Amino acid sequence: MPLDFTAIDFETANSSNASACAVGLVRVRGGEIVDRTGWLIRPPAGHDAFFELNTRIHGIRAEDVIGAPTWTQQLSDLAAFAGDDILVAHNAGFDMAVIKRACDATGDECPPYRYACSLQVARKVYRLESYRLPFVAAEAGFADFPHHNATADALACAHVMIDAARRVGADDIDGLAELAGVRVSQIEIAAAPTVSFVVA
């Protein structure tokens, strides 16, 4: 199996995981980066306040997303880019929570993506003083990128996973996870409650 996956990164407007305001996506095929994209997102209603702390980190302001697609409007584009790929993100629990919570907030069906975490992989494969994305990406040979730009962060994450796979001799994400001693997880989708009808 070739090393195929989609790296993903979200930025959020505030402390709510549902407040996605930007996404970056990078497609990897056969261990090579073949496509990348990213766009702004108008966060779901009720999760759309922009906190100064968040804006200071990523530079995105409320006025920047006024004309951006909503979570619901952009979800099909995200799904079309990712396809059936395993998603990879640095601190993937955060990014997967964004997908799940934003879908919860909008009532959209959450795609049950399988995913792997480049942070977990880096901690097993590299020996570094810090495992923040800029340090890990530099170790993978990808330095000096605009951190907290969603597409740039996804690109850095892709480089990390490609390099880690090369170092451990893995051919795919499942093999990399196994050799690194980490798990490939899946977004948990709550089953619809069963409704019992009692005939009186």
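How many residues does helix 3 (residues 92–106) have, and how far does helix 3 reach from its first C-alpha to its last? The first legend answers this. The model is predicted: local features need pLDDT of at least 70, side-chain atom pairs count only at pLDDT 80 or more, and totals for chains, interfaces and linings use all residues. Residues are numbered from 1 along each chain as its sequence is written, and side-chain values use heavy atoms, with hydrogens and water left out.

**View 1. Helix 3 and its cover.** Helix 3 has 15 residues and reaches 21 Å from its first C-alpha to its last. That is close to the 21 Å expected at 1.5 Å a residue. The expected span is 1.5 Å times one less than the number of residues. Helices (H or I, at least four residues) and strands (E, at least two) are DSSP runs, numbered from the N terminus. In helix 3, the buried residues are A92, D95, M96, A97, V98, I99, A102 and C103. Buried means under 20% relative accessible area, exposed over 50%, and partly exposed in between (1.4 Å probe, protein chains only). Their cover includes strand 1, strand 2, helix 2 (71–82), strand 4 and strand 5. Just after helix 3, G107 takes a positive phi of about 80 degrees.

View 2. Two strands pair if DSSP finds at least two bridges between them. Strands of a sheet pair through backbone hydrogen bonds, either parallel or antiparallel.

**View 3. Strand 1 and its two partners.** Strand 1 (residues 5–12) pairs with strand 2 (residues 20–29) in the antiparallel sense, over eight bridges. A7 has V26 as its bridge partner in strand 2. D9 has G24 there, and T6 stands opposite R27. With strand 4, strand 1 pairs in the parallel sense over two bridges. Here the bridge partner of A7 is V88. Eight of the eight residues of strand 1 are buried. F5, A7, D9 and E11 point one way, and T6, I8, F10 and T12 the other way.

**View 4. The hairpin of strands 2 and 3.** Strand 2 and strand 3 pair in the antiparallel sense over eight bridges. V23 has W39 as its bridge partner in strand 3. Two residues lie between the strands of this hairpin, and G30 in the turn has a positive phi of about 60 degrees. Nine of the ten residues of strand 2 are buried, so strand 2 is largely enclosed by the rest of the structure.

**View 5. Helix 6 against helix 7.** Helix 6 (residues 150–168) and helix 7 (residues 173–180) pack at an angle of about 65 degrees, with their axes 10 Å apart. Axes are lines fitted to C-alpha atoms, for helices over the stretch in contact, and angles run from 0 to 180 degrees between N-to-C directions. Helix 6 brings M161, A164, A165 and V168 to the contact, and helix 7 brings I173, L176 and L179. Contact means heavy atoms within 4.5 Å. The contact residues divide into seven nonpolar, no polar and no charged. Ala, Val, Leu, Ile, Met, Phe, Trp, Tyr, Cys and Pro count as nonpolar, Asp, Glu, Lys and Arg as charged, and the others, Gly among them, as polar.
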